Amino acid sequence: MAAVCDLEVDVNGEETFFIHKNIISSYCGKIRNLFDKSKGVTTNLKIILHDFPGGPGSFELVTRFCYNNGKIVINPYNAHRLLCAAHYLEMNETISGSHNLLEQTKKSIEEIKFWSWPELLSSLKNSLDLVPVKSSSQIHEKCLDSIVARLVFTSETSPSCPSSSSPESSGLRLSTDSKSTESLRSGFLRSSWWFEDLANILTPSLVKQLVKSIVLYKFDHGVSSRFLFYYQKSRFFDATPNEKLEILETVIDCLSLLDQTSVSCKNLFGILRVALNLNVKKIHRNILERMIGSQLDQATLDNLLVPSPHGSNYLYDVNLVLQFVKHFLTARSGPGVPISEFTKVAGLIDSYVAEVAPDPRLKPCKFLALVKALPESARDSYDDIYHAINIYLQVHTGLSDKEKTSIFNSLDYTKLSSESCNHLTQNAKFPPRYAALALKGQQLKLENLFRGIDVQKRFVLPPHELVATETKNDEMREQVVIYAEQVVPYEAKEDIVSENEKMKAHLEGMQWRVVELEKVCRKMQTQMSKLLKSKSSRQTSAKSLPRLCS
């Protein structure tokens, strides 16, 4: 063979080929140009090809093409190799006309939409083994676009696709008479049959390309997000720390491209805990915090109880929760946001504040930041915050007067229940003037309640009953005002122990009266509603009577 052939080709230092110079140079522009520059040399010809895509296997395919008069069978399993080799060796139409390998492989790849699912996977997998060149990235892009198009098509028409892990090959079918749990399970399997196929092949860079195609083709974002979580878990098993970091940051980037309502909040917290352990870049952590914050109303207390980072004095990562709330408020800054979302987050934060309040290392400024993180309108009641403050004051006995005052002022005393007010009036940690504020808040509630009753009774009560109830209500109002006026003058004397005791006695008396008045008001409201119903029913029956003839 060496005596017949006049050219020796070393491919990547892995294998040497002995071929005819004239045959190979008639199709390969790169080799022809090398000989044009070294005219006169006719013996001991040798070429060393570095970084040849596909190695000796791809070069062997090229030699078959050249020795077969520019013909070779191109299929999904070798198209990627031949395309990259043709680019590398400059096997284009300027060298060999219509018999050039580059154009033939391009035409074959144009038929990629007709390739089967295993052929697409094989082509994509084999292209990953090539040295990165421009042509290989083109193969990746075409394969991924075709894969996503196939997923979109199968999700709209058929639940299966030819694959080792698809429902078709595993014999799974959705039965019309199956139980609901069976249907849900089958539905999940039908939407996720491709997860394993792609997770075993795709590199992090290709996952980014896949998600971009998914967004372009408008494929189901919920299914796509589940694939990304599956990809992260499946690739973590045998990955190095650096590989894990690359995978996780890629998944975070890709999740941010999807519709956030389609991304599981629970899974995001799972990603967060892994990210904190791997110490991901700040930009990726910010992205993750923003995604979680945007759907904070879906979180649970357990989700928020993230241990503080190494070197921090706090038991839990309070700064992280504050970031969540900040992103939540930013995402809900526009009009038309349901108040129920704010109420849910307020309840969640109140529970979190109660959980972190016993931490002896939690500074007052951080505690106050949590209490004030949400606007006052988000809370219907401050009872939970009051009890959390009470716990915090029990644990942190060394607070300054200024710090205590700031904490006392963080409460909205008009939004305390009668039970919390009763507890506050007997709480030695709170100065009497704050108990007075709470009772004034109760007085305001009662006055508003009386006004509502006044409006209702004018429509339903006869004149003589109306006068009687107004007299009774006036008496009750006077009693409330009397108790409130007895409390107020003592605010300036809180430093005197005896005056404080008198004030507490007045407060307890007023609190008892407020509770009694609340009971009376509730009874009156019940009576008003019954009277309104009976009146409306009488009007309806009267309208339905036939008209008498005169």
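How many bridges join strand β1 to β2? Five of them do, linking β1 (residues 7-11) to a strand that runs antiparallel to β1. Before going further, note that this is a predicted model, where local features need pLDDT of at least 70, side-chain atom pairs count only at pLDDT 80 or more, and totals for chains, interfaces and linings use all residues. Residues are numbered from 1 along each chain as its sequence is written, and side-chain values use heavy atoms, with hydrogens and water left out.

**The sheet**

- Strands pair through backbone hydrogen bonds, either parallel or antiparallel.
- Here, three strands form an open sheet in the order β2-β1-β3, with mixed pairing; two strands pair if DSSP finds at least two bridges between them.
- Strands (E, at least two residues) and helices (H or I, at least four) are DSSP runs, numbered from the N terminus.
- At the edges sit β2 (15-19) and β3 (45-49), each pairing on one side only.
- From one strand to the next, the twist averages 20 degrees.
- Asp-10 has Thr-16 in β2 as its bridge partner, while Val-11 has Glu-15 in β2.
- A hairpin is made by β1 and β2 with three residues between them, and Asn-12 in that turn has a positive phi of about 55 degrees.
- Helix α3 (residues 55-67) lies across β1, β2 and β3, at about 10 degrees to β2.

**Two helix pairs**

- Two packed helices are described by the angle between their axes and the distance between the axes.
- Axes are lines fitted to C-alpha atoms (for helices, over the stretch in contact), and angles run from 0 to 180 degrees between N-to-C directions.
- Helix α18 (residues 318-331) packs against helix α19 (residues 339-356) at about 170 degrees, with the axes 12 Å apart. That makes α18 roughly antiparallel to α19 (over 145 degrees; under 35 is roughly parallel, 65 to 115 roughly perpendicular and the rest oblique).
- Val-318, Val-321, Val-325, Phe-328 and Leu-329 in α18 meet Glu-341, Phe-342, Val-345, Ile-349 and Tyr-352 in α19, where contact means heavy atoms within 4.5 Å.
- By class, this contact of α18 with α19 has nine nonpolar, no polar and one charged residues. Ala, Val, Leu, Ile, Met, Phe, Trp, Tyr, Cys and Pro count as nonpolar, Asp, Glu, Lys and Arg as charged, and the others, Gly among them, as polar.
- The axes of α12 (residues 204-217) and α14 (residues 241-255) come within 9 Å and cross at roughly 10 degrees, so α12 is roughly parallel to α14.

**The largest pocket**

- About 250 Å³ of space lies in the largest pocket. A pocket is an open set of points on a 1 Å grid over the protein atoms alone, with protein on both sides within 12 Å along at least five of seven lines, and lining residues have an atom within 4 Å of a point.
- Its lining has 14 residues, and the closest to the centre are Ala-275, Leu-276, Asn-277, Arg-285 and Pro-309.
- Helix α15 gives the largest share of that lining, four residues.

Note on methods. 1 Å grid on protein atoms, 1.4 Å probe; cavity = no way out; pocket = protein on both sides within 12 Å on 5 of 7 lines; lining within 4 Å. Points joined across faces, edges and corners; volume = space filled by probe spheres on them.
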